[in-house]
Structures are given as structure tokens and as C-alpha cells.
Amino acid sequence: MTWPPSRQAALSQLRAFTPDMGEAYARTRNFDLGPEARGNVSGLSPWLRSRLLAPEEVLQTAIGAHGFTGAEAFIQQVFWRSYFKGWLEHQPDVWERYQAGLAGALNQIAKDGRLAGRYAQACEGLTGIACFDAWAGDLVATGYLHNHARIWFASIWIFTLKLPWELGADFFFRHLLDGDAAANTCSWRWVAGLHTQGKTYLARADNIAKFTRGRFADTPGLAGEAVPLREAPLAPKRAPDLSEARWSGQRYGLLVTEEDGLAETLPLPHPPEVILALSGPSVRSPLGMGEPARAFAAGAVQDCAGRAGTKFGAPVIPLTDETWAEEIADAARGQTLEAVVTARLPVGPTRSRIRKAWSTGGLSRVERIEIADPFDAAVWPHTQAGYFKLKERLADICARGRFGLSAAADAEPQA
């Protein structure tokens, strides 16, 4: 399975997998049969993460083909990404805490040669644990892992190898094609017992053997218990602002980022003067990004910008990674723009990057307008607690859901 960064490729895979979104998916989705045998899962998550596909259209496709009950297992997995996004919006300090923990862990590595050596072995797939080492190699080479493998991998990293969970989350984040701040951070926390306090996930040799159908039949030396990690209490939850943007009449540029590959479907009062394509991915990690993930994120932006330019008859300005803020300021002057419009930016590095530029750079005179996604507005109010609270509302959300064009992954919590 390959993932060209285009909406056309995403729609092709959506159509191809539609017949298997029902009973077949429910029966076989947990099996990791290897990189050459991915037919039991949709593989849609990279396109969903970049919103080259919208969760609404994936849900509507599944329900149209199989009905809600027939596709319920698939539908539940589609909502995991939206659940984690909404949960992190209510608890944004978790992202800041993860970043601080990562900085501390990297500092530890710089001072502790033994820890640095164990960390390097894990990243390079040299631990001697056959399944773990294979998954590490697959991730770096392809940017993708089956979701069950992600959870096993995270559990082994934390409880068998006893490495800081933040380093593992960072390893995934910089290599996954579908890596996003919410799903990645919260999934690693879920395995570690931090997301649902006290509830961990323990990788077991018999489970790995069963769900890899014997590819990894013997995995000795795994941890026999998964003692939950502990942390200080989190800050009180706060509801994200999902109010409608109030604007009209401005000359504006449409800013396309890696967070929204369907920017041309935003509810805009009139066409933009210019398309601003920020194709250089935000810095996910102090250690950089894997090439497959970087290329996919950049390609998704270029694909969206091209479609938007064609739809609106507007010129596309590719922004240089190092000087993009100055280039937006130049475009604003040259096109006499009063505003720059983009999709609402979720918690994570893209939001930090853009909002910082507006607060500290030369963009303060140009209004920044972020437009919330109606699907997020329908889902996020139900994401303040555990996933079960959202699960209870899935049928209702799907029944009411006519959100226009807007995508999600097929998995359990995505480690």
C-alpha cells in the first residue's frame, strides 16, 4: 500500500475499501499481517490526518454501503482521531507538558550514555526483540504502521525497554505520515496509563503471535506487568472556541497548511485574491522529520493549493519554509489584503508556528481569521471525558451529520 499525497489517491482508496467497511473490517481489523498485506484495514489515516479526506465523507460512505449497525466497528474507529483532537482542545496543557517532557528526556540522553545507547537501539530496530525491531524499520521506511502494532510498540517501549514515553511519542510523530499532535500524544499517554488514569496496555507475546498470525510467534522477555505512569494533576478543562468567524467584504488570502487539505471547501463569502501555500511542514520535533512524513505533508499542501487555485481562479504563492511569514506580509502589501483566512488550527506545532508569527512578526496589521469545522463543532462537546461518552452519541451525530465536505483514521487509540 502506498500513499500519494493527493485527494484523487485518497478517493480511489476510499472507493476500493468501501466493500470491506462492514463485517470484514470488524472481523479482521486487529490483525497485523505485515507491510505487504494491509487489505484488512483501510489505510486512509494519512489522508484523513491531512484532510485530503474528511471524516464526514468517510462516515457517509460506510453508512451508505453497510448501514450504521453494519459498519459500526469501522465508524467507531473513524471517531478516535476526532475524539483525541477534541480532548486535547479541552486540555491544551497536555501538549505543553509533553513538549517539556520531551526536552527533559533529550537532555537526559545528552548526559546519560547508557540511556542514549538504549534509545538509539530502539530507534534503529536493534533491540533484539524481533517484532519491535521490524516495526521500527517499517515505520522509518514507509511512515506507516498498523494500529495494533503501534500499541504493542508503545507498550514495549515504555514497560519492557523502560524508555521515556515522550521519546517514543516523538519517534512516531516525526516519522508517521498520519502523525498529528492529538492522536499521537494522547495515544502514547493512553498506553502509559496517563490518559485514562491507571489503565495501561500490556503487550503480550501470545497476543502478538495471534494477531500477526504467527509472523512473530515467539517474543520472549516482554514485561510481565504495566505499572501506570504518574503525573501531576492537569489544569482544569476549558471549552475551545468554536464560534463562527464574523467577517465579510475583506480582500483576503486563503492560507493552506498541512492541517487542512480541503481548504477550498471552507464557507467563504467570496473568492480569495490569492492562495498562500505553506508547504514546509511545521517542526514536529527537535530531531527533524522522516523523509516520507515530510514529503507527504508538503505534497498534501501542494495538492490542496492547486485545487483551490483552480476553483477560485486565484494565483498560488508557494511560501518558503524559512521566510514564509515575510512572504505573507509581502503578499498582503502587494495584493492589498486585509485578512488571511485558514481553517481553525488545532493544538499542535502548526498552530504555535502561525499564531507566534502573527503576535511577534510583521503580520499584526493583517487580520487572521480561522474558520471552525462543523464536524469538530458537532463532536468536540462530547470529548471532555473518556471515549465512551462520545461513543454513546455516535449514532445521533451520524444521523444528524450533514456537514458538507470534511476525514479520520481506522484504529483504536493511535499510539
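Arg-51 sits in the loop that joins α3 (45–49) to α4 (55–70); here helices (H or I, at least four residues) and strands (E, at least two) are DSSP runs, numbered from the N terminus. The model is a predicted one, in which local features need pLDDT of at least 70 and side-chain atom pairs count only at pLDDT 80 or more, while totals for chains, interfaces and linings use all residues. Residues are numbered from 1 along each chain as its sequence is written, and side-chain values use heavy atoms, with hydrogens and water left out.

Although Arg-51 is not a glycine, its phi is positive, at about 60°. Arg-51 counts as buried because its relative accessibility is 11% (buried means under 20% relative accessible area, exposed over 50%, and partly exposed in between, with a 1.4 Å probe and protein chains only). A positive phi, near 45°, also belongs to Thr-336, a residue other than glycine. Thr-336 lies in the loop between α14 (324–334) and β4 (339–343), and since its relative accessible area is 48%, Thr-336 is partly exposed.

Turning to the whole chain, the protein has 18 helices and 5 strands. Its radius of gyration is 21 Å, close to the 22 Å that the globule rule gives for 415 residues, so the protein is as compact as a globular protein of that length. For this comparison the radius is taken over C-alpha atoms, and the rule is 2.2 Å times the number of residues to the power 0.38. The C-alpha trace spans about 65 × 55 × 40 Å along its principal axes. Of the 415 residues, 58% are buried. The exposed surface comes to about 16800 Å², of which carbon and sulfur atoms supply 52% (Shrake-Rupley method, 1.4 Å probe; for residues, only the protein chains shown count as cover). There are 44 positive and 45 negative side chains, with the centres of the two sets 4 Å apart; Lys and Arg count as positive, Asp and Glu as negative, and His and the chain ends are not counted, each charge being placed at NZ of Lys, CZ of Arg, CG of Asp or CD of Glu.

In soluble globular proteins, nonpolar side chains tend to be buried together. The largest nonpolar core holds 93 residues, and Phe-79, Trp-135, Ile-156 and Trp-157 touch the most other members (a core is a set of buried Ala, Val, Leu, Ile, Met, Phe, Trp, Tyr and Cys residues joined through side-chain atoms within 4.5 Å). Apart from this core lies another, of 20 residues, including Cys-304, Phe-312, Ile-369 and Ile-371. Beyond its neighbours within four places in sequence, Trp-135 is in contact with residues that include Asp-32, Trp-152, Ile-156, Arg-215 and Phe-216, contact meaning heavy atoms within 4.5 Å.

What relative accessible area does Asp-170 have? The value is 0%, so Asp-170 is buried. Leaving aside neighbours within four places in sequence, Asp-170 is in contact with Tyr-98, Leu-102, Tyr-119, Arg-284, Ser-285, Pro-286 and Leu-287. His-175 is buried as well, because its relative accessible area is 9%. Gly-288 belongs to the loop between β2 (274–277) and α13 (291–312), and at 28% relative accessibility Gly-288 counts as partly exposed. Gly-288 and Arg-174 are 114 residues apart in sequence, yet their C-alpha atoms are 6.6 Å apart in space.
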